Amino acid sequence: MLFKCLPPGAPIPGRFPGPVHARGKWLTVDIHCHVLTPQAAEMVAGNAAATRHPREVYANERTREVNRQQAERNRIQSTSVEKRLEDMDRMGIDIQAISPSPNQTYYSADPELGIATARIVNDNLAEIVGRHPDRFTALGTVPFQAPDLAIAELDRLHKSLGFRGIEIATNVAGEDLSAERFRKIFARVEELGMLIFMHPTGFPEARRFADHYLVNVIGNPLDSTVAVHHLIFGGVLHAHPNLKLVIAHGGGYLPAYSGRIDHAASARPDCCEQIHRMPTEYLKQLYFDTIVFTHHQLEYLVDQYGADHVLMGTDYPADMGEVDPIGFVEGAAGLDDAERRAILGRNAARLLNIEIPAAAG
Amino acid sequence: MLFKCLPPGAEIPGRFPGPVHARGKWFTIDIHCHVRSDKAAAMVEGNAAVSHWFLETAANEQSRRINRENGARTRLQGSSPEKRIEDMDRMGIEIQAISPAPRQTYYGADPDLGREASRAINDFIAEICGRYPDRFVGLGTVPFQAPELAVAELERLHKSLGFRGIEIMTHVAGEDLSAERFRKIFARCEELGLVVFMHPDGFTEAASPITILPM
């Protein structure tokens, strides 16, 4: 139903927590959910460069107002571990792989501020995991804008904090991820066997996206689409075939329209300079979350990319999330239980090195 | 196969005309195919506002060079109906619904030039359809940047030229199609029962040339 047609006082569909699912039927791991670190937000307050987000820049006044209301409504869910556990219990989520709120990657901060905020964000995630190690695992953040500092923080995450992966944005303050200077970060992530969860932060040049919240509705999957194209055509996925790269929101638009890249690579010399195989072969190295909202799209991802390449996610606590992730996967008639089991938790457990409890479904 | 792996002199896959299919098995209509009007191109030559083209401005130098080569290579296919019919016969296409090369919608032109260029293109399409009425049907263009003129040209397409539809771009020189001033054009298309074929012309916000560094 359209939001504006809801009767007064009606529960708003799509808001967390979603419907009740008992834990225990499946081992469930949420690969896509965010934590806000207020201390890091305070460190960048008033810093125009570090706080410039497309989501705010390219939004009309109505959208800004809605965003402000959302932020206020979500604040407890974004920051309180107890509230988060309560919601997870209700929704049937065993483990959340928590990642920073996407705006908190702060890639446009100067290097010193970038490393300082990354450390604060990561320490906050580590504290949450430390308090409830059976319910949380962390995907940290590293200052991509300063590759040497990023690698140092990567090593700290891995060795000292026990993180299994990082979240990255779809561009680094406008610079594409295929840039040569980022290669050493990808190389180190691959070496450490860490997972990368790629999450967009709106579209960087979104002049036409200011109305109807298009900066997120289209801009998010579109910037993931652009980023994946650069990683493929720029040779990053060729150089690092063992990267465990998970793309948010079902991988953006490319998985559904992948034939065009292979056509381009066979039709034009400027579409195959850095690659050695057909582009879709690199695409098949990637993993996608389940935030696609329709069963036909979920089944298409499984059919094309394999049940072992799709991971359950919620986008908790955002309003563009999937509040009934278990019901969504259970309700996909084209999947069998082995596929559902893989998608709901086993894939994430494998990629994140989470021990599967003996009693797990 | 990757383009760079093709042996020298090999046929390049994906270039027209494609493989042979006999006509007759299916009744076939191609809804997406373009013609290029040399006359209209000459009318806008050197006009910076009109020649702004995102597929060019957002491309690196190598892509631009390849685009120029492609433009030269496909020139005959773009403008000669006889060559076009030869390719259609080979590929098993009965009818092409021909639309302008996307760039030739010229929404960035001032209203008068927009109207004149539209008329030149539409007359060119009408001429092709008139010469081979059993093989072509026309999707014209109207100057969206000037809605009154667009509606007038829409009437002419419908009444005088017998076109069954128009091609439109995905934006009007950067202005979105939902703008109030374009409503009357859509209303008239709906009223006349014309097909609207929407085709992009690159992406407006693809600002910076893409530079992929060597490995």
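A:Glu330 and A:Lys25 form a salt bridge in which the closest N and O atoms are 3.2 Å apart; a salt bridge is a side-chain nitrogen of Lys or Arg within 4 Å of a carboxyl oxygen of Asp or Glu. A:Glu330 belongs to helix H14 (residues 325-330) of chain A and A:Lys25 to the segment before strand S1 (29-35) of chain A, so the pair ties together parts that are 305 residues apart in sequence. Helices (H or I, at least four residues) and strands (E, at least two) are DSSP runs, numbered from the N terminus.

This is a predicted model, in which local features need pLDDT of at least 70 and side-chain atom pairs count only at pLDDT 80 or more, while totals for chains, interfaces and linings use all residues. Residues are numbered from 1 along each chain as its sequence is written, chains are lettered from A and ligands numbered from 1 in the order in which they are written, and side-chain values use heavy atoms, with hydrogens and water left out.

Over all chains, the structure holds 44 salt bridges. Two salt bridges are counted between chain A and chain B. B:Asp176 forms a salt bridge with A:Arg208, with the closest N and O atoms 2.8 Å apart. The contact between the chains (heavy atoms within 4.5 Å) takes 31 residues from chain A and 29 residues from chain B. Chain A and chain B bury about 2400 Å² between them, 52% of it on carbon and sulfur atoms; buried area is the accessible area (1.4 Å probe) that two parts lose on being put together, summed over both.

Within chain A, the axes of helix H6 (residues 147-159) and helix H7 (residues 183-192) come within 9 Å and cross at roughly 15°. That makes H6(A) roughly parallel to H7(A), a term for angles under 35 degrees. Residues of H6(A), including A:Ile151 and A:Leu154, meet residues of H7(A), among them A:Ile185 and A:Val189.

| Cis peptide bond | Omega |
|---|---|
| A:Phe16 and A:Pro17 | about -5° |
| B:Phe16 and B:Pro17 | about -5° |

A:Pro17 lies in the segment before S1 of chain A, and B:Pro17 in the segment before strand S1 (29-35) of chain B. A:His212 has a phi near 60°, a positive value in a residue other than glycine. A:His212 is located in the loop between strand S5 (195-198) and helix H8 (214-217) of chain A. Most residues other than glycine have a negative phi, and most peptide bonds are trans.

Technical notes:
Axes fitted to C-alpha atoms, helices over the stretch in contact; angles between N-to-C directions. Parallel < 35°, antiparallel > 145°, perpendicular 65-115°, else oblique.
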